[in-house]
Amino acid sequence: MLEKDTGKKPVDNLQDFFFELADTIRFAGRATREIFRKPFEGEELVNQCYLIGYKTLALISITAFIMGLVLTLQTFPMLEDLGAEAELPGLICVSILREIGPVITALIFAGKVGSGLGAELGSMRVSDQIDAMEVSGTNPMKFLVSTRVLATTLMMPLLVVYADAVGMFGSFAGINLQGNVSVRLFITQSFQDIMYYDIIPATIKSFFFGYAIGLIGCYKGYTTTGGTQGVGSAANSAVVISSVVIFIIDLIAVQISELII
Amino acid sequence: MTDILKNGEPVIRVVNLHKSFDDNQVLRGISLDLNKGQNLVVVGRSGTGKSVLIKCLVRLILPDAGSISVLGKDVLTLPEDELNELRIRIGYLFQEGALYDSMSLEENLLFPLKRNRPGLPQKEMQELIRIALENVDLAEESEKMPSELSGGMRKRASLARTLILNPEIILYDEPTTGLDPYTSHEISELIVRIQEKYSASSIVVTHDMKCARTVSDQISILHDGQFIASGSFNDLKNHENPTIRNYFI
């Protein structure tokens, strides 16, 4: 769909951007504070972890497997030319654990869960369901937002670990399309050069990926205006902004881990 | 529960309420009193701020100026926890029903019960749900999802959810909008029946004059953000001011 020309000057857009950024930060503060305030919404949290985590597994499995397989098939000829095929499992393993696994999983997660949160809360907003919850004495920020943000934060690292494992399996399948390598040899070659700093920073950044995706999806949905068109726009911008933020977090995480290590 | 109210004090008192959205002044100094057991109908054309007014009463919208007292409490200064306690004593029927899409009808009614009456045994909750659904003639539809219900059924279901916590005040936002004349009449009759049964006070916001005639003790006409007249249906219908009479054509 073509975007309408709003007639705004760039400086107005910049002003809007900073207003929205400030609003998002305030929203994040409120949502995070509500996570730690009693009473805890345990039942809803478990429900959201199930919906967000378990129901994304199939998509993550397919993409992670293909990612490992393709990466291996693309890299194999180059290493073969250099006579370094034996380095392939280690190379793929480092790539997946450090970067490709977390980032690709986060992007898929943003596409499925981020847009879902934007659409769900957006349609609840425009059909007065959030207001109805509020007037019936339930804090929607706690019940709807905090539970979802916490669920995405907790589920994301688990999905990344799972995607890494499936991606490695894809890589194993790719290597076996080229030649015959046993599982034991593949695992030995994959993990012989892996250090703690290949795993820990990647795991930590995936918490932040999950938090950002949940927060942006919920923010966009919770603040939806403009009826059904607004819902579509909320879902769309939740994915776009989450994707950009994932790369920004990734960049920051890489810089920090370089400094520490 | 209303023992904090002094004798004869209105259950809702609004004084000099103002609300603007950007340059659009929606409410310009609204004042009203709602007495215990009274049914006040607020009529006015679309966009005159009727819904904004009742949203201010439960602090879904913050007014720019004025004061609102509900059941003896100052709504605008209440801390969040106390506001939530007060909100439980007020029922709110939304224009489109606002049933939770992801829950069945029964779960829609169970949700406020579970959250606000957590100590209530499951059996008692089921009984309350059954009674509430029977009151709105939807006892047979309890397993259905909101998307499977007609517009009128959704309104009735929403009313049942409003009633489940036995509110002392009920706020109706356009209860008959979008319904055919027969269903509109049915909903209006239902509102009257419920008022009698639960003896709650209510504010009904509508532009449906048939509904206003059926449910009102008193009518206030909102015009350009101000009340221009108040009185019984017949008084206002025969009012000397043609602007007021025009609402009843």
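# Exercises on a predicted helical model

Among contacts in chain A between residues at least 6 apart in sequence, 88% join residues at least 24 apart, where a contact means that two C-beta atoms, placed from the backbone, lie within 7 Å. This is a predicted model, in which local features need pLDDT of at least 70, side-chain atom pairs count only at pLDDT 80 or more, and totals for chains, interfaces and linings use all residues. Residues are numbered from 1 along each chain as its sequence is written, while chains are lettered from A and ligands numbered from 1 in the order in which they are written.

**Exercise 1.** Describe the secondary structure and burial of chain A.

Begin with the elements: chain A has 9 helices and 0 strands, taken as DSSP runs (helices H or I, at least four residues; strands E, at least two) numbered from the N terminus. Then turn to burial, for which 43% of the 261 residues in chain A qualify, a buried residue having 20 or more other C-beta atoms within 10 Å of its own.

**Exercise 2.** Determine how α3(A) and α6(A) pack.

Take the geometry, with axes as lines fitted to C-alpha atoms over the stretch in contact and angles running from 0 to 180 degrees between N-to-C directions: helix α3 (residues 57-82) and helix α6 (residues 140-178) of chain A pack at about 40°, their axes 7 Å apart. The angle therefore makes α3(A) oblique to α6(A), since angles under 35 degrees count as roughly parallel, over 145 as roughly antiparallel, 65 to 115 as roughly perpendicular and the rest as oblique. Finally, classify the residues: the contact of α3(A) with α6(A) has 17 nonpolar, 8 polar and no charged residues, with Ala, Val, Leu, Ile, Met, Phe, Trp, Tyr, Cys and Pro counted as nonpolar, Asp, Glu, Lys and Arg as charged, and the others, Gly among them, as polar.

**Exercise 3.** Do the analysis for α4(A) and α7(A), naming the residues in contact.

The axes of α4(A) and helix α7 (residues 183-191) of chain A come within 7 Å and cross at roughly 60°, which means that α4(A) is oblique to α7(A). On the α4(A) side the contact is made by P89(A), G90(A) and C93(A), and on the α7(A) side by F186(A), Q189(A), S190(A) and F191(A); by class, this gives 4 nonpolar, 3 polar and no charged residues.

**Exercise 4.** Characterise where chain A touches chain B.

Count the partners: 10 residues of chain A are in contact with 14 residues of chain B. On the side of chain A, these comprise 2 nonpolar, 5 polar and 3 charged residues.

How values were computed. A residue is buried if 20 or more other C-beta atoms lie within 10 Å of its own, exposed if 12 or fewer, and partly exposed in between; C-beta atoms are placed from the backbone.
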